[in-house]
Amino acid sequence: MLEVTGLRKLYEGSGRQVEALRDLTFRLEAGELVCVVGPSGCGKTTLLKCVAGLLRPTEGSVALDGTPVTGPRPGLAVVFQEYGRSLFPWMRVAENVELPLRQRQSIPKAARRARVAESLEAVGLAGVHRAYPWELSGGMQQRVAIARALAYEPEVLLMDEPFAAVDAQTRADLEDLVRGLWRERGMTVLFITHDIDEAVYLGERVLVLSASPTVVLDDVPIQLPVRRDQLTTRADARFTGLRSRVLELVRQGGGAGAGAGDEPDGRVAKDMR
Ligand SMILES: Nc1ncnc2c1ncn2[C@@H]1O[C@H](COP(=O)(O)OP(=O)(O)OP(=O)(O)O)[C@@H](O)[C@H]1O
């Protein structure tokens, strides 16, 4: 179980103070897939970094299975938006995926290789072991980043707007990949996005964050079938109802100003702080 309690983050420096997070409390049961949605600048990346142990909160705590998360730790893997910066261009795909496993002396080389092969196969990239990242499309590179996280066999997979930089069709395919992997592997997934449609399509729950100073506005259960598909789920009246509810919450929370600024497809406009 992942527990976030009273999380506050104040950035100080360059003569200014920014209260990125005011007071966030929520929890994820083991094996849940939860999306966090909120307007640009509300502190989503800050939240994810605190949960991953990459950033120390000013107040509050993060705990995984009752143990405080105070730094990067086994069991937590992160996939960031910028796959171009998270993969090493001079390493082949298989080497990139294997890299975090090399730090684990306890895993013999043959087992590492097997995990790499299995993870690449799981993301539909069985044939690209020897390619370099720059030889692949953006969507394929993000699959490699996901494979790297999977090879680590995390209990909790943290994803920070991982599909924001790919085209719509690739994004839909990657969303289905994440749901499929979640179903098959039983991992806990915390998925951060500013796209309301994506949050409702992917999540079993959606946590809605307010604009800064940031708090959790609501925790919306997504009562849609476990098996979803892009055409029928998005056309389902329950989906459109949930989408409207989350959009309304984001607006109430100051995310869409006076109601203007949200994109027609449900993305929260980048400029509405
Ligand atoms: N290292 C830092 N130093 C100072 N302020 C920061 C730092 N990182 C983030 N901030 C500020 O904290 C606030 C939240 O930033 P954060 O990147 O977490 O938001 P976000 O919701 O992920 O934004 P976006 O959706 O645009 O990616 C912003 O006002 C940002 O300027």
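Modeller: What follows is a chat about a predicted model.

Colleague: Which domains does the assignment give?

Modeller: The domain assignment gives domain 1, made up of 1-75 + 154-273, and domain 2, which covers 87-153. The C-alpha centres of domain 1 and domain 2 lie 26 Å apart.

Colleague: And how many residues of each are in contact with the other?

Modeller: Ten residues of domain 1 are in contact with nine residues of domain 2. On the domain 1 side of that contact, helix α6 (residues 168-185) gives the most, with four residues, and by class this side has nine nonpolar residues, one polar residue and no charged ones.

Colleague: What does UniProt list for the chain?

Modeller: An unreviewed UniProt entry lists residues 2-236 under "domain: ABC transporter". In the model, the chain over residues 2-236 is 35% helix and 27% strand, with its end C-alpha atoms 31 Å apart.

Colleague: Let's turn to the ligand. Which residues surround it?

Modeller: The ligand is surrounded by Tyr11, Val18, Ala20, Gly38, Ser40, Gly41, Cys42, Gly43, Lys44, Thr45, Thr46 and His194. By class, this shell has four nonpolar, seven polar and one charged residues.

Colleague: Which element gives the most to that shell?

Modeller: That is α1, with three residues, and both β2 (16-28) and α1 (44-52) supply at least two residues each.

Colleague: What about the largest nonpolar core, which members touch the most others?

Modeller: Of the 72 residues in the largest nonpolar core, Val51, Leu158 and Val246 touch the most other members. Helix α5 (residues 138-151) provides the largest share of this core, seven residues, and the core draws at least three residues from each of domain 1 and domain 2.

Colleague: What is leucine 158 in contact with, leaving aside its sequence neighbours?

Modeller: Once neighbours within four places in sequence are left aside, leucine 158 is in contact with Leu48, Val51, Ala52, Leu76, Ala77, Val78 and Leu190.

Colleague: Is valine 200 buried or exposed?

Modeller: Valine 200 counts as buried because 27 other C-beta atoms lie within 10 Å, where 20 or more is the cut-off for being buried. Valine 200 lies in helix α7 (residues 196-202) and, not counting residues up to four places away in sequence, touches Val206, Ile222, Phe239, Leu242, Arg243 and Val246. Valine 200 and glutamine 223 are 23 residues apart in sequence, while their C-alpha atoms are 9.6 Å apart in space.

Colleague: Which residues of helix α3 are buried, and what do they pack against?

Modeller: In helix α3 (residues 93-102) the buried residues are Val93, Ala94, Asn96, Val97, Glu98 and Leu101, and the buried residues of α3 pack against α4 (109-122) and α5. As a general point, an α-helix has 3.6 residues a turn, so residues three or four places apart point the same way.

Colleague: Now the backbone. Where is there a cis peptide bond?

Modeller: A cis peptide bond joins serine 212 and proline 213, with omega at about 0°, and proline 213 is found in the loop between β9 (205-209) and β10 (216-221). In general, most peptide bonds are trans, and most residues other than glycine have a negative phi.

Colleague: Which residues have a positive phi although they are not glycines?

Modeller: Glutamate 153 is one of them, with a positive phi of about 50°, and glutamate 161 has a positive phi of about 40°. Glutamate 153 is found in the loop between α5 and β7 (156-160), whereas glutamate 161 lies in the loop between β7 and α6.

Colleague: Why do those two count as partly exposed?

Modeller: Glutamate 153 is partly exposed because it has 15 other C-beta atoms within 10 Å, and glutamate 161 is partly exposed because it has 19. A residue would count as exposed with 12 or fewer such atoms and as buried with 20 or more.

Colleague: Last one: where is arginine 73?

Modeller: Arginine 73 lies in the loop between β5 (67-68) and β6 (76-79), and it is partly exposed, with 13 other C-beta atoms within 10 Å. Arginine 73 and glycine 53 are 20 residues apart in sequence and 7.5 Å apart in space, C-alpha to C-alpha.

Key. Residues numbered from 1 in each chain as written. Predicted model: local features only at pLDDT ≥ 70, side-chain atom pairs only at ≥ 80, totals over all residues. Domains from an automatic or database assignment. Contact = placed C-beta atoms within 7 Å. Nonpolar A, V, L, I, M, F, W, Y, C, P; charged D, E, K, R; others polar. Near = placed C-beta within 6 Å. UniProt positions renumbered as here; feature names shortened; annotations may be inferred. Core = buried A, V, L, I, M, F, W, Y, C linked by C-beta atoms within 7 Å.
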